[in-house]
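Look through the following structure with its charged side chains in mind. The text below goes through several pairs of them and then turns to the chain as a whole.

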Amino acid sequence: MKWSLDGARLGDMVRVKLGSIYHYGIFVSDEEVVQFGLAPTSRRALKDSEVEVCASSIEQFLCGGFLEVGIPERKDGKTRKPKTVVEYARSCIGKKGYNILYNNCEHFAYECLFGQKKCTQADDVRKLFRSMPILHVYTAKIPDKKLCLDTVYPEQRKNEILECSNQKVRKEKYYAWELLKYALSRTFGYKIQNLQFDKDKNGKWSVKECFFSISHSNGIVAVALSRSAVGVDVEAINKQKQRVLEKVLTRKERKAFDKVCESERATWLTQKWTEKESIFKAGKEAKFRPSKTQTNGGRTKSKSVRLDGVEYVLTVCSDNIKQLKYFEDISLVKQND
């Protein structure tokens, strides 16, 4: 494909350079360019699941950049007729399934013009993707289903689960790992069996390709993924643990706790506990010292979760906390069937 600054015509593939990569679309008129998601600089940041094929004016498409028009070459293959290109592009409006690596705006434009997906800037997109700060948190309900331990990888994790004598905790550990398997594939495209896992003397698991953290509590599992150190903790709110949790507060937190009304104390304490746990998981400390852990550093974010009538607090710790995206209610039944 060659590129020209000449005027675009009906059914042409067009592009505009935005930073280090290009944004692609199909030209219909100055009032209509069909594309897979608006140009990144023209909208708020969206989750992949929110991006859809849409139409905009040429002005919105360009975002102040220069329009380049594609001129197909013989090696590119046979092109569709302009009207067919436009009809197909319009028929896709509203469709989703965006993925920056495997189903982006360039894939869409090539499919409209040639009937086949293609991305010529795959390496550049991968470099951009790998440089982007990511913080994804997944949560899932633990299903009422028998465990299939033969599928657990690596073998050391499988043995760790088998050695757990408490059946409830064993199930939680198993499904936390199943959620990790799904999350690694969904966020980074990694197959868990292709990764080399390590477990240090303090029981922390790791891989060199990314950072992750797992947690489980009373019917729910959570996984956090990032390119930098990350910690996640989820805990059911339990008033019976209030006296125990009061002992883990710092002096400053104790003064703040004294001002909390009685009806909110259990939730407040649970949040403090999950903050301390997530900070520990994201750090390098060998021992967990909750009464010495400060929780007001701005690296954590908490939210309430309700599942089957049980209330939980979910907290994440990361230097990239502003990039936090939640993927909730993942079905682990579907992942295992």
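Asp308 and Lys141 form a salt bridge, with their closest N and O atoms 2.9 Å apart. Asp308 sits in the loop between strand 13 (300-307) and strand 14 (310-318), while Lys141 belongs to strand 7 (residues 135-141), so this pair ties together parts that are 167 residues apart in sequence. The model shown here is predicted.

How accessible are these two residues? Asp308 has a relative accessible area of 58%, so it is exposed. Lys141 has a relative accessibility of 42% and counts as partly exposed.

A second salt bridge joins Asp319 to Arg299, and here the closest N and O atoms are 2.7 Å apart. Asp319 lies in the loop between strand 14 and strand 15 (324-327), and Arg299 lies in the loop between helix 9 (265-282) and strand 13, so the pair ties together parts that are 20 residues apart in sequence. Asp319, at a relative accessible area of 59%, is exposed. For Arg299 the value is 30%, so this residue is partly exposed.

The side chains of Glu328 and Lys303 also meet in a salt bridge, at 2.8 Å from N to O. Glu328 is in the loop between strand 15 and helix 10 (332-336) and Lys303 is in strand 13; the two are 25 residues apart, and the pair links distant parts of the chain. Glu328 is partly exposed, with a relative accessible area of 39%.

How many salt bridges are found in the whole structure? A search finds 20.

Now consider the chain as a whole. It has ten helices and 15 strands, and its C-alpha trace spans about 75 × 50 × 35 Å along the principal axes. Of the 337 residues in the chain, 46% are buried. Contacts between residues at least 6 apart in sequence give another view of the fold: 62% of these join residues at least 24 apart.

The accessible surface of the chain comes to about 18,600 Å², and carbon and sulfur atoms account for 48% of this area.

Definitions and conventions: Residues numbered from 1 in each chain as written. Predicted model: local features only at pLDDT ≥ 70, side-chain atom pairs only at ≥ 80, totals over all residues. Heavy atoms only, no water. Salt bridge = Lys/Arg side-chain N within 4 Å of Asp/Glu carboxyl O. Helix = DSSP H or I, 4+ residues; strand = E, 2+ residues; numbered from the N terminus. Buried < 20%, exposed > 50% of the residue type's maximum accessible area, 1.4 Å probe, protein only. Contact = heavy atoms within 4.5 Å. Areas by Shrake-Rupley, 256 points an atom, 1.4 Å probe, with all protein chains shown as cover.
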